[in-house]
Structures are given as C-alpha cells and as structure tokens.
Amino acid sequence: IFPGFYRGLPEAIQPFVGSSLIIGLLTALILNAIFRIGVRSRETFVFNPGVDDHNAIRGFLEQQGAKWGARRDVIERAIFGMAQAIESIADHSNLTGPIQVEVSFDEFNLDVRLNYQGEVFVIEDRRPTDDEIRDTEDGIRRLAGYLIRQNADLVRSSRKGDRSVLEFHFQH
C-alpha cells in the first residue's frame, strides 16, 4: 500500500520489512510471545504420609498431566520421583505434618515442589558404595538421594524459614 514508506527505512532493517511474508512472520512471533506470557499452570496437592498412598500421587499427576497435555514419559518420571522423595522424606527427615506438593507446567517445563516441615533432604551427587549403604546409619537415605537425583533433570533442596523444600525440574 505504501511502497515508499519502507524505502525510507535504514538499510539494516530493509531485509526484515521488504517482504510481506517476513512482516507477517515477525508479527506472529511477537504476538505469540505477548499472549504466552503468564501461561504457566499451577496446581497444589496436600499429601499426608501414612494416610494417603502412592495412588494419590499417581492420580493427581496423571490428571494434571492429561489436563495440561504433558508428555506421558515426563509424567511417569515425575510420579516415580515424587513417590520416592515422599517416602524418603517420611522415613528420614523427621517429618511433622503433611507435605504440600505444588506442580507447575508450561509447554517446556514440568516443575514439582515438595514443601514440608522437617529436616532438609540431602541430595547426593555420587552413589554411595555398597559398604556405605550397608554399614552407615544414613546409607539408605544417601542412596535414595542419589536415585532421586538421577530421575529428574534438576533437583534442589533448600530451607525456607521453618520449612524444607525439595524441587524437581523436568524438561518437557
């Protein structure tokens, strides 16, 4: 409509505005980025060790994964990691009270956060030796921490106030 308008722009910009296809593509990318802001979905679940069983974890994550359109293999890894972590926290972290589970998802990431009152669950970088597992008091806990780390793309444990937090990150 205005061919002279684009000719007056600097030459560095000319390749980007010289074609209606490129202008349309850039417009679509910019609008997609604007409308995708804040599209992260979050759900929270309270798990009571000793009262709830692992089927509650499975049911919660399968339901959310289906709702969000998450890949099945990522959901299965998250189910395994959460089940192992909750069992290990209940057995080795002097847990008092329920574990709050927060799961968030966007089209690239699945993040799981376990928030509980108890000792911080230590994640191991290396596998404990067979002797360490057998002969030390915390050998089983250390092995569990190592296996949990192997399951997720990133695992972090920290302390926030009077609560401990164990975070999992899965790339989608």
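This is a predicted model: local features need pLDDT of at least 70, side-chain atom pairs count only at pLDDT 80 or more; totals for chains, interfaces and linings use all residues.
## An aromatic cluster

Phe45, Phe47 and Phe60 together make up one aromatic cluster.

## Aromatic pairs

Across the whole structure, a search finds 4 aromatic pairs. One of them joins Phe45 and Phe60, whose rings are stacked, with 4.8 Å from centre to centre and 15° between the planes. The two residues come from distant parts of the chain: Phe45 belongs to strand E1 (residues 41-47) and Phe60 to helix H4 (residues 54-68), 15 residues apart. Are these two residues buried or exposed? Phe45 counts as buried because its relative accessibility, 18%, is under the 20% limit. Phe60 is also buried, its relative accessible area being 9%.

Another stacked pair consists of Trp68 and Phe105, with 5.7 Å between the ring centres and 5° between the planes. Here too the pair links distant parts of the chain, since Trp68 lies in helix H4 and Phe105 in strand E2 (residues 99-105), 37 residues apart. Trp68 has a relative accessibility of 14% and therefore counts as buried. Phe105 is buried as well, with a relative accessible area of 7%. A pair of aromatic rings is described by the distance of the centres and the angle of the planes.

## Confidence of the model

The protein has a mean pLDDT of 87, and 94% of its residues reach 70 or more. Which elements have the lowest and the highest mean pLDDT? Helix H1 (residues 3-7) has the lowest, at 68, whereas strand E5 (residues 163-171) has the highest, at 95.

## Overall architecture

The secondary structure of the protein consists of 7 helices and 5 strands. Along the sequence, these elements follow the pattern α-α-α-β-α-α-β-β-α-α-β-β. The radius of gyration is 23 Å, whereas the globule rule gives 16 Å for 172 residues; the protein is therefore more spread out than a compact globule.

Along the principal axes, the C-alpha atoms fill a box of roughly 80 × 35 × 35 Å. Of the 172 residues, 33% count as buried.

## The largest pocket

The largest pocket holds about 210 Å³ of space. Which residues of its lining are closest to its centre? Of the 13 lining residues, these are Asp111, Arg113, Arg156, Glu167 and Phe168.

Strands E2, E3 (109-116), E4 (154-160) and E5 each contribute at least two residues to the lining of the largest pocket. By type, the lining of this pocket divides into 7 charged, 4 nonpolar and 2 polar residues. Rolling a probe the size of a water molecule over the atoms shows where empty space is left.

## Selected residues in helices and loops

Ala85 lies in helix H5 and is buried, with a relative accessible area of 0%. In sequence, Ala85 and Leu114 are 29 residues apart; in space, their C-alpha atoms are 8.6 Å apart.

Asn94 lies in the loop between helix H5 (72-92) and strand E2. Asn94 is exposed, with a relative accessible area of 53%. Although Asn94 is not a glycine, its phi is positive, at about 50°. Most residues other than glycine have a negative phi.

## Two glutamates in loops

Glu11 lies in the loop between helix H1 and helix H2 (14-17). Its relative accessible area is 73%, so Glu11 is exposed. The C-alpha atoms of Glu11 and Ile123 are separated by 55 Å, and the two residues are 112 residues apart along the chain.

Glu119 lies in the loop between strand E3 and helix H6 (130-135). How exposed is Glu119, and what is its relative accessible area? Glu119 is partly exposed, with a value of 44%.

Notes
Residues are numbered from 1 along each chain as its sequence is written. Side-chain values use heavy atoms; hydrogens and water are left out. pLDDT is the predictor's confidence in each residue, from 0 to 100. Helices (H or I, at least four residues) and strands (E, at least two) are DSSP runs, numbered from the N terminus. Rings of Phe, Tyr and Trp (its six-membered ring) pair if their centres lie within 6.5 Å; planes under 30 degrees apart count as stacked, over 60 as edge-to-face and the rest as tilted. Buried means under 20% relative accessible area, exposed over 50%, partly exposed in between (1.4 Å probe, protein chains only). On a 1 Å grid over the protein atoms alone, a cavity is a set of points where a 1.4 Å probe fits but cannot get out, and a pocket is an open set with protein on both sides within 12 Å along at least five of seven lines; lining residues have an atom within 4 Å of a point. Grid points are joined across faces, edges and corners, and a volume is the space filled by probe spheres set on the points. Ala, Val, Leu, Ile, Met, Phe, Trp, Tyr, Cys and Pro count as nonpolar, Asp, Glu, Lys and Arg as charged, and the others, Gly among them, as polar. The radius of gyration is taken over C-alpha atoms; the globule rule is 2.2 Å times the number of residues to the power 0.38.
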